[in-house]
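Thanks for passing this one along. Here are my notes, in the order I would read them with the model open.

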Amino acid sequence: MTIRVLIADDQELVRTGFQMILDAQPDMEVVATAGDGAEAVEQARRLRPDVCLLDIRMPRLDGLEATKILAGPGVPDPMRVVIVTTFDLDEYVYGALRSGATGFLLKDSGPTLLIEAIRAAAAGDALVSPSVTVRLLEHLAHPPAGRSRPPAEPLTERELDVVRLVARGRTNQEVAAELFVSLSTVKTHLGSIQAKLGARNRVEIAAWAWESGVVS
């Protein structure tokens, strides 16, 4: 299966570089590029790519606002968005993930991590640059009072096992291996967990786990 990708960045050199890297992959195809957030939203809605790569600082509409429109709360059929930026700022990381992004990468992370992030997003997983992961988890482990919400229905012990592994960045395959269950069983558990937590993706599951103290 070919992963269809949209690239949005206000620098043509960056767009061209990313496109060369991705088009060289046997399982990827860049279906559109955009120089600003508004154009990215229009192209994404029209083409429905599998993954949208969005820069944060763009004219007309920035990456965070574009992410909210494409993948934010209340979006009926959210797209998979990976934020790629030069700005390693905490408020951008938290803002991107809270807006519905399934990944956050720095532009200097390198081609390998970029490709991994796109494949992870397409598979429903999430990838965050290692350089920001530790700070992100520390932030989520010490949330403001009253931020965590209780689940609509209590999670089972096995679901909590899955949540803890997801919160530590494990992929579905790794969760299955560590719990000695099939991949389809993991996906079933994740579907149930998302329904109980009202979470749209595994990033929100991980955030809930750290905020609620399920992982420490």
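1. Leaving aside its neighbours within four places in sequence, D55 is in contact (heavy atoms within 4.5 Å) with A8, D9, D10, G63, V84, T85 and K107. Please keep in mind that this is a predicted model, where local features need pLDDT of at least 70, side-chain atom pairs count only at pLDDT 80 or more, and totals for chains, interfaces and linings use all residues. Residues are numbered from 1 along each chain as its sequence is written, and side-chain values use heavy atoms, with hydrogens and water left out.

2. Where does D55 sit? Its place is the loop between β3 (51-54) and α3 (63-71); helices (H or I, at least four residues) and strands (E, at least two) are DSSP runs, numbered from the N terminus. D55 has a relative accessible area of 3%, so it counts as buried (under 20%, with a 1.4 Å probe, protein chains only).

3. An unreviewed UniProt entry places "modified residue: 4-aspartylphosphate" at D55. Such annotations may be inferred rather than shown by experiment.

4. Now to helix α9, which holds H189. H189 is buried too, with a relative accessible area of 18%. Beyond four places in sequence, H189 is in contact with R158, E159 and V162.

5. The contact between α9 and α10 is made by L190, I193, Q194 and L197 of α9 and by R202, I205 and W208 of α10.

Key. Buried means under 20% relative accessible area, exposed over 50%, partly exposed in between (1.4 Å probe, protein chains only).
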